[in-house]
Amino acid sequence: MNVIMYMLIVLLSGGITILLFRQGREMRIVYRALKRELRPIQNELKRYEHNPARQFELLDPVYRKVVFQVHPKLKMKRTQLEQMVSDELNRLIKSKRSSIWSSIVVTGRGVLTMTMLGVSFVSGHMVYTEGDMTELFGPKQVESQSATILGDTFELPNQIASPEELGMAIAYHMSQFDESFSIRYIGKSRDFEQTMDEAWDWLEANHIYVFRLSRGGETEYRDHGGYVDLDMRLAYDMNIEEAKQIEAKVDQVVEEMPSGLNDYEKVKYVNDFVVLNTAYNLDSVASPFTPYSILFNGEGVCEGYALTTLLLLEAAGVEARYISGEAGTELHAWNLVKLDGSWYHLDTTWNDPVPNRPGEVGYDYFLVSDETLQKDHKWEMGDYPVTAMVDFQ
């Protein structure tokens with residue numbers, strides 16, 4: 001009877017913990033992202049505290065950047081996320097007291113969640129010791145697995161004990177487009193939310209393709225004291241069949257390149273291919289953010305352009321990066337390309353005339369320097385390599 005009672009306590013406290021964790025994690029991610037983006041402009045905000053128009057100019061990019069950054073990590077409707085970011089931003093900048101209160105709210109949710117977890121831990125331990133449920137609660141290892149997509153290898157470690165290994169495990173499942181999966185984490189779990197944030201950061205830095213194809217999800221975890229069981233449910237803009245078609249199409253495009261091209265000629269070939277075969281369209285048949293829409297429907301938006309360009313350049317043996325920032329007043333994405341030991345910007349979206357003009361290719365944003373691109377693009381320069389001093393000659 002005691003075992004049944006303790007199990008009911010575990011289930012009840014676990015359910016409350018999950019609800020608190022979901023809400024607390026969402027707020028904490030938004031809070032941390034806003035604090036990080038506000039820090040460099042704090043002095044300017046203070047200087048213009050009596051100039052609302054100037055403050056808006058400073059804060060609007062922060063708002064839009066945070067929405068863009070955290071959207072892939074949270075399974076929320078865009079309107080709900082925008083409201084959460086707006087509310088939290090208002091609390092942070094309204095006054096020092098508001099900022100302190102915002103911190104207390106985030107911390108308080110974390111404390112309450114950990115308290116409920118504590119109840120769950122104690123009850124779970126009593127069930128474990130009294131009911132001899134070693135098979136249910138004991139740590140176990142998973143078999144090491146790997147998969148290769150477009151030359152990128154995804155490893156599923158047989159033991160997950162660090163944020164990097166957790167990121168590797170998540171990346172593996174995302175590369176397979178798994179909509180739900182479980183991971184056992186045996187590393188330090190004093191602040192598992194922080195561990196998750198670091199895992200997402202690692203994933204974004206090392207596997208941008210799969211990172212950008214996810215449209216958020218739900219995360220639940222159960223801390224058993226010595227290890228954590230993590231359950232994830234994710235949504236994607238594509239499926240595994242479409243991913244395989246993309247892989248085959250990328251190989252086909254690269255194989256059809258004229259032989260003997262140097263790296264510069266390969267970059268020009270890719271730029272021309274993407275521009276000539278794509279029309280900018282937010283209302284595309286498939287998700288406009290994906291290479292699938294670009295390669296098979298000939299339409300999409302900047303994220304699809306940049307991811308497709310990245311895949312083609314990498315398959316052709318040219319080192320490239322995906323970069324996100326702003327162009328004009330809109331969130332934007334483009335690429336960095338390495339030629340002759342130096343980096344250059346390549347924006348295939350802005351090289352494509354709008355409205356679409358078949359047969360025309362622009363080169364205003366083809367292998368340009370930081371100085372040139374800064375005229376109408378913005379990005380977090382510290383997050384990306386510095387380019388050559390002048391445009392590629």
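The structure holds 13 salt bridges, and the exercises below work through some of them in what is a predicted model.

**Exercise 1.** Determine which helices are linked by the salt bridge between Arg 32 and Asp 197, and how many residues apart the two partners are.

*Solution.* Begin with the contact itself, in which the side chains of Arg 32 and Asp 197 meet at 2.5 Å, N to O. Finally, consider accessibility, where the cut-off for buried is under 20% relative accessible area. Arg 32, at 22%, counts as partly exposed, whereas Asp 197, at 11%, counts as buried.

**Exercise 2.** Decide whether Arg 212 is buried or exposed, do likewise for Glu 303, and state which residues form a network with them.

*Solution.* The side chains of Arg 212 and Glu 303 form a salt bridge of 3.2 Å, N to O. Because Arg 212 lies in helix H9 (residues 208-213) and Glu 303 in helix H13 (residues 302-315), the pair ties together parts that are 91 residues apart in sequence. As for accessibility, Arg 212 is buried at 3% relative accessibility, and Glu 303 is buried with a relative accessible area of 4%. A salt bridge with other accessibility values is that of Glu 360 and Arg 357, at 3.0 Å, N to O, in which Glu 360 is partly exposed at 38% and Arg 357 is partly exposed at 38%. Returning to the network, salt bridges with shared partners join Arg 212, Arg 215, Asp 237 and Glu 303.

**Exercise 3.** Explain why strand S8 (residues 320-327) is described as largely enclosed by the rest of the structure, and identify how many bridges join S8 to strand S9 and to strand S12.

*Solution.* Start with burial: seven of the eight residues of S8 are buried, and therefore the strand is largely enclosed by the rest of the structure. Then take the pairing with S9 (residues 330-339), which runs antiparallel to S8 and is joined to it by eight bridges; within this pairing, Ala 320 has Val 337 as its bridge partner. The two strands form a hairpin with two residues between them, and Gly 328 in the turn has a positive phi of about 65 degrees. Last, turn to S12 (residues 377-379), which is also antiparallel to S8 and is joined to it by three bridges, with Ala 327 standing opposite His 377.

Key: Residues numbered from 1 in each chain as written. Predicted model: local features only at pLDDT ≥ 70, side-chain atom pairs only at ≥ 80, totals over all residues. Heavy atoms only, no water. Buried < 20%, exposed > 50% of the residue type's maximum accessible area, 1.4 Å probe, protein only. Helix = DSSP H or I, 4+ residues; strand = E, 2+ residues; numbered from the N terminus. Pairing = 2+ DSSP bridges. Salt bridge = Lys/Arg side-chain N within 4 Å of Asp/Glu carboxyl O.
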